[in-house]
Amino acid sequence: MKLKVGITYNLKKDFSQQENQPIDFLEEFDAEETIDAIRRVLEGEGHDVIKLGGDAGLIDRLRRTPVDIVFNIAEGLHGRNREAHIPALLEFLNIPYTGSDPLTLSLTLDKAMAKRIVMSQNIPTPRFKKVEKVEDLHGLDLRYPLFVKLCHEGSSKGVRLDSKISDAQSLREKTTGLLETYDSPVLVEEFIKGPEFTVGILGNEDPFVLGVMQIEIKGRAPEESVYSLEIKREWEEKVRYHCPPSIGQDLLRKIEEVALRSYRALECRDVSRVDIRVGEDRTPYFLEINPLPGLSPVYGDLVMIARSMGWDYDRLVKTIFHYALKRYGWTE
Ligand SMILES: Nc1ncnc2c1ncn2[C@@H]1O[C@H](COP(=O)(O)OP(=O)(O)OP(=O)(O)O)[C@@H](O)[C@H]1O
Ligand SMILES: [Mg+2]
């Protein structure tokens, strides 16, 4: 079946970094090469593909150029519902699209809300407090060391090597800095000291784990490791990825189970990547889930997982698209 497919996205190059903005202001947005890589795969399948972008002009473009389906990777522009804006518009216009729906995208972008849902299913996740103003730290009932991050951000925005916190004064300073710099509440969590994993999941009624990848920060013990902005930007020198990881089958199964249960609890569709850290008690803890995982053919974590499992980039993109088509009853 030949389809007219639109791609929605936000590009780093469409914005310019202002002096008063934090250095990671544009971190979530994509590179044009990623959009072109997705386009090439879909064209290779015989579809007509058009790049629709993701600014307000999209509304007119969709009216002028009707499409059968949208391959959505747009991160959105503002607010905690930003990832949901385009899928909500597409639903309003009755246009099918890949990936999760607005409810899931909003819920998962707010890390505290996502944690409340997974907790309701008894999935382990670090104890936490959502902090809107620095006074909310009073009477904090959490055990040090703590970890401080932004509630509505991804791509390690706001996460630095000093995000692990050992005393009340640093907690106050770090929280104040984040609240002043970013447009998001802060999430204060108990720090999980063991190794870190990210899990790729695909599918709908019967989702499956594509692969589990361990993220080892070179030269650092797990309790001193944070997959921070500094590390992600220099991943080639600073990170060793293990997929599949060299861990016992028992722990591997437990990690997969936490990831799959989280995917189901948040009603993700087609694809997601779940971040997990293992505690001293060998329990895998849910950190967060990414229903719009980066698809950079070079450094996307999900793409690396796929490659390690013997899947090339084309197969990954085709499979995500296939699951969307199947949901709409357009293919077996
Ligand atoms: N409670 C915690 N304990 C220990 N480390 C943590 C904790 N929360 C986050 N981290 C570390 O910080 C990193 C970034 O946190 P998290 O994955 O929640 O944020 P993110 O910026 O949304 O990530 P992504 O780039 O996957 O979108 C994690 O990969 C992990 O190394
Ligand atoms: Mg993460």
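Glu267 lies in the loop between helix 9 and strand 11; helices (H or I, at least four residues) and strands (E, at least two) are DSSP runs, numbered from the N terminus. The phi angle of Glu267 is near 50°, a positive value in a residue other than glycine. Most residues other than glycine have a negative phi, and most peptide bonds are trans.

This is a predicted model, in which local features need pLDDT of at least 70, side-chain atom pairs count only at pLDDT 80 or more, and totals for chains, interfaces and linings use all residues. Residues are numbered from 1 along each chain as its sequence is written, chains are lettered from A and ligands numbered from 1 in the order written, and side-chain values use heavy atoms, without hydrogens and water.

## Two cis peptide bonds

Tyr144 and Pro145 are joined by a cis peptide bond, with omega about -5°. Pro145 belongs to the loop between strand 4 (128–131) and strand 5.

Another cis bond runs from Cys243 to Pro244, and its omega is near 0°. Pro244 is in the loop that lies between strand 10 (239–242) and helix 9 (249–265).

## Contacts of ligand 1

Ligand 1 is surrounded by 24 residues, of which Lys149, Ser156, Glu189, Glu196 and Lys232 are the closest; a residue is near a molecule if one of its heavy atoms lies within 4 Å of it.

A polar contact with the ligand is a pair of N or O atoms within 3.5 Å. In the side chain of Lys111, an N or O atom is 2.7 Å from an oxygen atom of ligand 1. The backbone also takes part: a polar backbone atom of Tyr227 is 2.9 Å from a ligand oxygen, and for Glu153 a backbone N or O atom lies 3.4 Å from one. The protein covers 96% of the 620 Å² of accessible area (Shrake-Rupley method, 1.4 Å probe) that ligand 1 has on its own.

## Make-up of the shell

Strand 5 (146–150), strand 7 (186–190), strand 11 (271–278) and strand 12 (284–290) each give two or more residues to the shell around ligand 1. Domain 2 (127–190) and domain 3 (196–327) each supply at least three shell residues, with domain bounds taken from an automatic or database assignment.

How values were computed
Polar contact = N/O pair within 3.5 Å; in protein donor to acceptor, adjacent residues only side chain to side chain.
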